Amino acid sequence: MVSRTFKTFEVTEFNKSSTLEHEPFLKCIISMNSAPVIICLTCDAFHCFSQGDPNWLKPRGVEQRNEGLRWLREHRRASLGGASEQGIVYFADDDNTYSLQLFQEMRNTQKVSVWPVGLVGSMKYESPMVKGGKVVGFHTGWRPSRPFPIDMAGFAVSLHLILSHPDACFDGDAPQGFLESSLLHGLVTMDELEPRADNCTKVLVWHTRTEKPKMKREEALQAQGLGSDPAVEV
Amino acid sequence: MPKRRDIVAIVLIVLPWTLLITVWHQNAITPLLSDATQIKTEKHKCDCSSPGRGIVEVVRTEYVYSRPPPWSDILPTLHVVTPTYSRPVQKAELTRLANTLLHVPNLHWLLVEDAPKRTKLVSRLLQDTGLNYTHLSVETPRNYKVRGDTRDPRIPRGTIQRNLALRWLRETLNVNTSQPGVVYFADDDNTYSLELFEEMRSTKRVSVWPVAFVGGLRYEAPKVNSLGKVFGWKTVFDPHRPFAIDMAGFAINLRLILSKPQAYFKLRGVKGGYQESSLLKELVTLGDLEPKAANCTKILVWHTRTEKPVLVNEGKKGFSDVNVEI
């Protein structure tokens, strides 16, 4: 699936829990050269395509996620309407941790569903605030005035909404923390959000990060031409 | 009146396509999940020739994936020992590891908390997974605990917990009557491929394999000669250790554990990197080691580490609702 060591590590992180393999009717689009993954819950098989090296001036993953959206729109255009539009789009970075229950929670998303995310925003968790079954605000410690102060892992979008708004995409020029809003503001209003995870009281996904592995001895050996066998895929 | 050769020709042409379509259909639909194994049998009739002629009937059995897989009386049991301790990422780590373990047949998860008693967080998590598990706890004495957040290799984190698991196995299982098994020490922040668990299942005494991201290298690995015997260690850090191998790089046959009840991880006076040797030298010699993972040329386990999360916005008094479990 991947060829370079760095990419192998990234993709392996995503498969860390083999979480996705528990999920039925899962189509997974993986953008090469990137951390983020777009998942669409449909009956289709596995798709994989390559995106050129990311422009590092933009937030990581923007081009890749947008490429995934483009692919979905082009692919679905070929099969018009009906069952082909049933599906959910979820942006799952490869170093987060996902409970299996999360995928069940997002499955009946009508427009955009939301839930808490653990260990993000320098907090134990960030979460939509729910009253009377409606989202009325957001529990966050950083820039709460954002249109949607929610992490990428904290929402899912119905495929139908993606297809019916062909211009909606992530804006790579958005200020830090506004990337999610740059997509969502074109799709939904706050009161249309559908709270999940027990009215947003349970944490079912965690914004974990993997440490960069310490390879000082490897670097020293490579400087002497004695590095470990590169044919052994790590 | 169709001739016999016409009928035979039609069947020979149609049959492969029928089988191909059936296989494609089976692979295209991911099996549904349920907690109990269900076996569905489907008959597929295809009237693919002239009416009344050449009806092909295909009987297909569809296995519904269950989580965890049904227990087998034939497969050796994998006793996976995981020490764990409370910290913000604990639930995330255990969730991720559980998601991996749920794929593995005949697995018994021995989760040992570093705590005075079993916590509700871990108890609930274990119950919700549906895994076969044993939940233990033992607190590391203060003078052995890591100070602050330093990962001081001189203080062997998890040792007391792993030893408790060994003791539990010896007190609970009988060397003569128990189902064959293999013991593996799996820390909660590493990454394990599913293939690794099947590699270790055939362990007769102690099996070994490479581990990525340890010892400051891309990977450390046993050295294996042309006879398939381990004769040394590909490592920079103290390669002359009796067993220069990470905790994630070996598994032990249960019978060996049960038949040598004095063998434990040494707690006191253990130099950094020697904890594994302190147990293995009681059980096996270098020449007895069984290399796995294609003679130790494939990486099936990675010594990943999760970053400590930044929680500065919680402030001194805490910002988030403490009743929300993370």
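Q: Where does B:Asn295 lie in chain B?
A: In this predicted model, B:Asn295 belongs to helix α8 of chain B, which runs over residues 293–296. The UniProt record, an unreviewed entry, places the feature "glycosylation site" at B:Asn295. An annotation of this kind may be inferred rather than shown by experiment.

Q: Why is B:Asn295 called partly exposed?
A: The relative accessible area of B:Asn295 is 42%. Buried requires a value under 20% and exposed a value over 50%. The 42% lies in between, so B:Asn295 is partly exposed. Leaving aside neighbours within four places in sequence, B:Asn295 is in contact with B:Val224 and B:Gly228.

Q: What makes B:Thr84 a buried residue?
A: B:Thr84 has a relative accessible area of 2%, and the cut-off for buried is under 20%; B:Thr84 is therefore buried. This residue sits in strand β3 of chain B, residues 77–84. Not counting residues up to four places away in sequence, the residues that B:Thr84 touches include B:Gln90, B:Leu94, B:Leu111, B:Asp114 and B:Asp188. UniProt, in an unreviewed entry, lists B:Thr84 under the feature "binding site", along with others including B:Asp114, B:Asp188 and B:Arg305.

Q: Why does B:Arg305 count as partly exposed?
A: The relative accessibility of B:Arg305 is 25%. Since buried means under 20% and exposed means over 50%, B:Arg305 counts as partly exposed. Its place is in the segment after β14 (301–302) of chain B.

Q: How do you know that B:Lys281 counts as partly exposed?
A: The value for B:Lys281 is 48% relative accessibility. Exposed would require over 50% and buried under 20%, so B:Lys281 counts as partly exposed. B:Lys281 is found in the loop between α7 (275–280) and β13 (290–291) of chain B.

Q: What makes α4(B) largely enclosed by the rest of the structure?
A: Of the 14 residues of α4(B), 10 are buried, so the helix is largely enclosed. Among them are B:Ile160, B:Arg162, B:Leu164, B:Leu166 and B:Leu169. The cover over these buried residues includes β3, β4, β5 (132–137), β6, α6 and α7 of chain B.

Q: How does the reach of α4(B) from its first C-alpha to its last stand against the length expected at 1.5 Å a residue?
A: The 14 residues of α4(B) reach 20 Å, close to the 20 Å expected.

Q: Why are the buried residues of α3(B) said to be on the same side?
A: In helix α3 of chain B (residues 120–129), the residues B:Val122, B:Leu125, B:Leu126 and B:Thr129 are buried. They cover an arc of only 95 degrees around the axis, and therefore fall on the same side of α3(B). On the other side, B:Lys120, B:Gln127 and B:Asp128 are exposed. The cover of the buried residues includes α2 (90–101), β4 and β5 of chain B. Just after α3(B), B:Gly130 takes a positive phi of about 85 degrees.

Q: Which residues touch the most other members of the largest nonpolar core?
A: They are B:Phe185, B:Val206, B:Phe250 and B:Ile252, in a core of 32 residues. Elements that each supply at least two residues of this core include β4 (107–113), α4 (159–172), β6 (181–185) and β12 (250–253) of chain B. A second, separate core of 31 residues includes B:Val104, B:Val182, B:Phe197 and B:Ala251.

Q: What makes β5 and β13 of chain B edge strands?
A: The open sheet has seven strands in the order β5-β4-β3-β6-β12-β8-β13 (chain B), with mixed pairing. Each of β5 and β13 pairs on one side only. β4(B) and β5(B) pair in the parallel sense over six bridges, and B:Leu110 has B:Thr134 as its bridge partner in β5(B).

Q: Which way do the residues of strand β4 of chain A point?
A: A:Ile88 and A:Tyr90 point one way, A:Val89 and A:Phe91 the other way, and all are buried. In a regular strand the side chains alternate between the two faces of the sheet. β4(A) pairs with strand β10 of chain A (residues 155–158) in the antiparallel sense over three bridges, and the partner of A:Tyr90 in β10(A) is A:Ala156.

Notes: Residues numbered from 1 in each chain as written. Chains lettered and ligands numbered in written order. Predicted model: local features only at pLDDT ≥ 70, side-chain atom pairs only at ≥ 80, totals over all residues. Heavy atoms only, no water. Helix = DSSP H or I, 4+ residues; strand = E, 2+ residues; numbered from the N terminus. Buried < 20%, exposed > 50% of the residue type's maximum accessible area, 1.4 Å probe, protein only. Contact = heavy atoms within 4.5 Å. Core = buried A, V, L, I, M, F, W, Y, C linked by side-chain atoms within 4.5 Å. Expected span 1.5 Å × (residues − 1). Pairing = 2+ DSSP bridges. Arc of directions from axis to C-beta.
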